[in-house]
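Hi,

Here is the structure I promised to pass on to you. Please open it next to this message, and my notes follow below.

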Amino acid sequence: MIMAIQKPAWLEALNSQKFFVACSTHENAKKNEKNICCLDCCTSICPHCAPSHRFHRLLQVRRYVYHDVVRLEDLEKLIDCSNVQSYIINSSKVVFLKKRPQNRQFKGSGNICTSCDRSLQEPYIHCSLGCKVDYLLRQRKDLNKYLRPCKRLQLSPDFFIPHDVDDEAMETTHSTIIQGDEPMGSSDSENLSMPRTEFVRKKRSELYLCARSASRVSDEDMSANMSRRKGIPHRSPLC
């Protein structure tokens with residue numbers, strides 16, 4: 001009696017889990033799409049769930065032409081990805097996770113995928129990781145020879161993990177604003193007496209420095225400034 005070869009649980013999760021759907025745990029949060037696969041829990045999670053899985057092996061899943069892809073560098077730490085065609089996206093090599101059957105029949109020269117009859121470049125014979133796994137299972141080959149031990153797998157440093165503001169942080173910020181060492185009345189009076197300086201850009205890219213005081217400007221000073229004209233330019237004498 002031939003026993004069926006079992007796939008690892010994390011490999012089955014990569015093939016069965018749905019990614020880029022809203023997370024039910026954080027349904028009211030922003031950026032709650034599931035784009036991470038926790039290999040230890042065998043489930044898909046969103047960036048808001050990542051801190052609670054920080055000690056687990058996490059694999060980032062990306063999206064390309066409506067299909068799930070994974071960086072080849074990360075996947076090579078888990079399983080042998082030889083003969084699987086890779087693609088370059090944002091300067092990173094990625095491979096597709098699942099099968100991508102095509103409607104049109106392949107016509108021409110080149111290799112054909114062993115599972116979905118998709119045209120490939122030489123020397124590749126698998127268009128995705130799922131196609132290679134299915135091919136190995138049909139050939140009754142042991143998957144353990146292709147699996148690689150990986151005890152630690154973390155997300156890339158540039159992966160964005162949102163930091164939610166909890167109630168304690170909001171309460172601390174609120175108390176810091178209210179409880180001050182100096183009275184608010186004295187600071188307001190000092191700010192009103194200080195002149196405010198700003199830059200105003202005129203034509204011909206000239207900058208004029210205008211100092212505005214909080215005190216009221218008289219009508220005489222206003223009329224004098226309006227009627228002032230440019231004088232004759234003075235040049236330095238030639239030596």
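A term to begin with: a residue is called buried under 20% relative accessible area, exposed over 50%, and partly exposed in between, using a 1.4 Å probe and protein chains only. This is a predicted model, in which local features need pLDDT of at least 70 and side-chain atom pairs count only at pLDDT 80 or more, while totals for chains, interfaces and linings use all residues. Residues are numbered from 1 along each chain as its sequence is written, and side-chain values use heavy atoms, with hydrogens and water left out.

**The hairpin**

Valine 65 is partly exposed because its relative accessibility is 48%. This valine lies in the loop between strand E4 (62-64) and strand E5 (67-71); strands here are DSSP runs of at least two residues, numbered from the N terminus. E4 and E5 run antiparallel and are joined by three bridges, where pairing requires that DSSP finds at least two bridges between two strands. Within that pairing, arginine 63 faces aspartate 68 of E5. The hairpin has two residues between its strands, and valine 65 adopts a positive phi near 45° there.

E5 also has three bridges to strand E7 (residues 92-96), again antiparallel, and arginine 71 has valine 94 in E7 as its bridge partner. Four of the five residues of E5 are buried.

**The aromatic rings**

How many aromatic pairs does a search of the whole structure find? There are two, counting rings of Phe, Tyr and Trp (its six-membered ring) with centres within 6.5 Å; planes under 30 degrees apart are stacked, over 60 edge-to-face, and the rest tilted. Tyrosine 64 and phenylalanine 96 make a tilted pair, with 6.1 Å from centre to centre and 45° between the planes. That pair connects distant parts of the chain, since tyrosine 64 is in strand E4 and phenylalanine 96 in strand E7, 32 residues apart. Tyrosine 87 and phenylalanine 96 have ring centres 5.3 Å apart and planes at 80°, so they count as edge-to-face. Tyr64, Tyr87 and Phe96 together form one aromatic cluster.

Is phenylalanine 96 buried or exposed? Phenylalanine 96 is buried, because its relative accessibility is 1%. Tyrosine 64, at 32%, is partly exposed, and so is tyrosine 87, at 22%.

**A separate sheet order**

Three strands form an open sheet in the order E2-E1-E3, with antiparallel pairing. Strand E2 (43-45) and strand E3 (58-60) are at the edges with a single partner strand each, so one side of each has no neighbour in the sheet.

Best wishes
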